[in-house]
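Here is a walk through one protein model.

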Amino acid sequence: MGTTKILYKNTNISYTERGKGNTLVFLHGFLEDNTMWEYYLDYFAQKNKVIAIDLLGHGDSGCIGYIHSMEDMADMVFAIISSLKIKKLTLIGHSMGGYVSLAFGELYPDYVKKIVLVSSSTRADSADRKINRDRALEVIKKNSDLFVTMAINNTFLAETRITHAKEVEHHLEIALKTPKQGIIAAIEGMKSRTDREVLLHFAPYPIKMIVGTSDPVISPQEIQKEIEGTDTEVFEINSGHMPQIEAKEELLEALTNSLK
């Protein structure tokens, strides 16, 4: 199936849906849209119902406020799930999409079969990261294109920008389409998000983590500290923060294993 639009709080929300079977919901990261999952949707749709959603203020989904909290985004995901009459799903979230998955898991635990975090974390922003978010907001207000270009370049490993130049350029094109309000609302939402590390200890569903060994945003060392004292399964792959481009096949294998 192609793209579907649903009206949510008087705003168009866009998602794609295909396949039949167990429901897998894919949530993209900051400055991305649902097309980041295209390769994986094709694969998993062979045996599952797959849904990929444009989060608030990203892709073809509109904005609903000055701040898009992770709970706001999770409520929007729930509105789509409800309209499709889905009762159980596995959430796969990249980076910010992981934060949204955890918010969904806290708000709607009965609907969750499993959560898979890709290059993401259960922890809230550190004090330093909050300061960096505030600096980013100042840059965006003056020149959002400059911020987006810098942010995308910093997200990728230096060698990736050479070896996967076309994919990085395509990713930047998508990021530059993100409206300024969508960028600001997402940063404000990530900055103020709740720490959900407790879910690793007490969630009534498994949480799996896929982390890049060279991730400049969320390091494997950080993740190891997070999962101490839990039986959380972590899959390490040779990539930075963007494994869907930097380690396409390795991510597919890690996703397949984490869904078993």
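Start with the whole. This is a predicted model. The protein has 12 helices and 8 strands. Along the principal axes, the C-alpha atoms fill a box of roughly 45 × 40 × 35 Å.

Now look at how helices meet. Two packed helices are described by the angle between their axes and the distance between the axes. Take α2 and α3 to begin. Helix α2 covers residues 70–83, and helix α3 covers residues 96–107. They pack at an angle of about 70 degrees. Their axes lie 8 Å apart. Angles from 65 to 115 degrees count as roughly perpendicular, and α2 and α3 are therefore roughly perpendicular to each other. On the α2 side, the contact is made by Met70, Glu71, Met73, Ala74, Asp75, Val77 and Phe78. Helix α3 brings Met96, Tyr99, Val100, Ala103, Phe104 and Leu107. By class, this contact of α2 with α3 has 11 nonpolar residues, 2 charged residues and no polar ones.

Move on to α4 and α5. Helix α4 spans 127–142, and helix α5 spans 144–155. Their axes cross at roughly 130 degrees and come within 5 Å. The two helices are therefore oblique to each other. Ala136, Val139, Ile140 and Lys142 of α4 make the contact with Ser144, Leu146 and Phe147 of α5. Here the residues divide into 5 nonpolar, 1 polar and 1 charged.

Next, the empty spaces. Rolling a probe the size of a water molecule over the atoms shows where empty space is left. What is the volume of the largest pocket? It is about 810 Å³. The lining of this pocket has 35 residues. Closest to the pocket centre are Phe30, Arg129, Arg133, Ala151 and Val217. Several helices take part: α3, α4, α5, α8 (180–191) and α10 (220–226) each supply at least two residues of the lining. The pocket lining divides into 16 nonpolar, 10 polar and 9 charged residues.

How many cavities of 30 Å³ or more does a search of the whole structure find? The search finds 1. The largest cavity has a volume of about 40 Å³. Its lining is made of Tyr99, Leu102, Ser121, Thr122, Arg123, Arg193, Thr194 and Arg196. By class, 2 of these lining residues are nonpolar, 3 are polar and 3 are charged. Look again at Tyr99: this residue lines the largest cavity, and Tyr99 of α3 also takes part in the contact with α2.

Technical notes. Residues are numbered from 1 along each chain as its sequence is written. This is a predicted model: local features need pLDDT of at least 70, side-chain atom pairs count only at pLDDT 80 or more; totals for chains, interfaces and linings use all residues. Side-chain values use heavy atoms; hydrogens and water are left out. Axes are lines fitted to C-alpha atoms, for helices over the stretch in contact, and angles run from 0 to 180 degrees between N-to-C directions. Helices (H or I, at least four residues) and strands (E, at least two) are DSSP runs, numbered from the N terminus. Angles under 35 degrees count as roughly parallel, over 145 as roughly antiparallel, 65 to 115 as roughly perpendicular and the rest as oblique. Contact means heavy atoms within 4.5 Å. Ala, Val, Leu, Ile, Met, Phe, Trp, Tyr, Cys and Pro count as nonpolar, Asp, Glu, Lys and Arg as charged, and the others, Gly among them, as polar. On a 1 Å grid over the protein atoms alone, a cavity is a set of points where a 1.4 Å probe fits but cannot get out, and a pocket is an open set with protein on both sides within 12 Å along at least five of seven lines; lining residues have an atom within 4 Å of a point. Grid points are joined across faces, edges and corners, and a volume is the space filled by probe spheres set on the points.
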